[in-house]
Amino acid sequence: QVQLVESGGGLVQPGGSLRLSCAASGSIFIIHVMGWYRQAPGKQRELVASITSGDNTNYADSVKGRFTISRDNAKNTVYLQMNSLKPDDTAVYYCNAMILTTGHNSLNAWGQGTLVTVSS
């Protein structure tokens with residue numbers, strides 16, 4: 001019904017940058033909030049950043065000033081620009097979207113996850 005497809009993960013050295021993308025498709029009427037979560041080995045999944053349809057943003061304290069979230073509503077796509085990456089940023093990053101479908105159902109959708117590894 002609705003799919004979220006992520007891309008852009010990979011291996012990067014400390015201090016480097018990566019840009020994640022997540023495109024939503026399917027029976028979408030409107031996407032209220034899009035966000036990125038991450039889960040490191042042995043840790044709980046945590047919110048990294050989120051953005052509303054009105055472009056209001058929210059960031060975890062650990063990424064403020066280094067990560068930037070943005071979205072293209074016409075493409076139902078959310079981006080996460082990650083700069084000054086640290087080894088502690090290593091995790092699987094998951095895209096999330098709060099969606100109202102064309103059938104007027106509320107849906108909390110998740111992507112499959114993309115691995116980000118920060119290591120020298």
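This is a short exchange about a predicted model and the terms used to describe it.

Guide: The model is predicted, so local features need pLDDT of at least 70 and side-chain atom pairs count only at pLDDT 80 or more, while totals for chains, interfaces and linings use all residues. Residues are numbered from 1 along each chain as its sequence is written, and side-chain values use heavy atoms, with hydrogens and water left out.

Visitor: What makes up the chain, helices or strands?
Guide: The chain has 11 strands and 0 helices. Both are DSSP runs, numbered from the N terminus: helices are H or I with at least four residues, strands are E with at least two.

Visitor: Why does the radius of gyration agree with a compact globule?
Guide: The rule, over C-alpha atoms, is 2.2 Å times the number of residues to the power 0.38. For 120 residues that puts a compact globule near 14 Å; the chain has 14 Å, so the two agree. The C-alpha trace spans about 45 × 25 × 25 Å along its principal axes.

Visitor: Why is Arg38 called buried?
Guide: Buried means under 20% relative accessible area, exposed over 50%, partly exposed in between (1.4 Å probe, protein chains only). Arg38 has 6% relative accessibility, so Arg38 counts as buried. Of the 120 residues of the chain, 42% count as buried.

Visitor: Why is Glu46 called partly exposed?
Guide: Its relative accessibility is 35%, so Glu46 counts as partly exposed.

Visitor: What makes Arg38 and Glu46 a salt bridge?
Guide: The term needs a side-chain nitrogen of Lys or Arg within 4 Å of a carboxyl oxygen of Asp or Glu. Arg38 and Glu46 meet at 2.7 Å, N to O. The whole structure holds 4 salt bridges.

Visitor: What makes Asp89 and Arg38 a salt bridge?
Guide: Their closest N and O atoms are 2.9 Å apart. Asp89 lies in the loop between strand S8 (77-82) and strand S9 (91-101), and Arg38 in strand S4 (residues 28-39), so the pair ties together parts that are 51 residues apart in sequence. Both residues, Asp89 and Arg38, are buried. Salt bridges that share partners join Arg38, Glu46, Arg66 and Asp89 into one network.

Visitor: Why is Asp61 called exposed?
Guide: Asp61 stands at 65% relative accessibility, so Asp61 counts as exposed. Asp61 also forms a salt bridge with Lys64, the closest N and O atoms being 3.1 Å apart.
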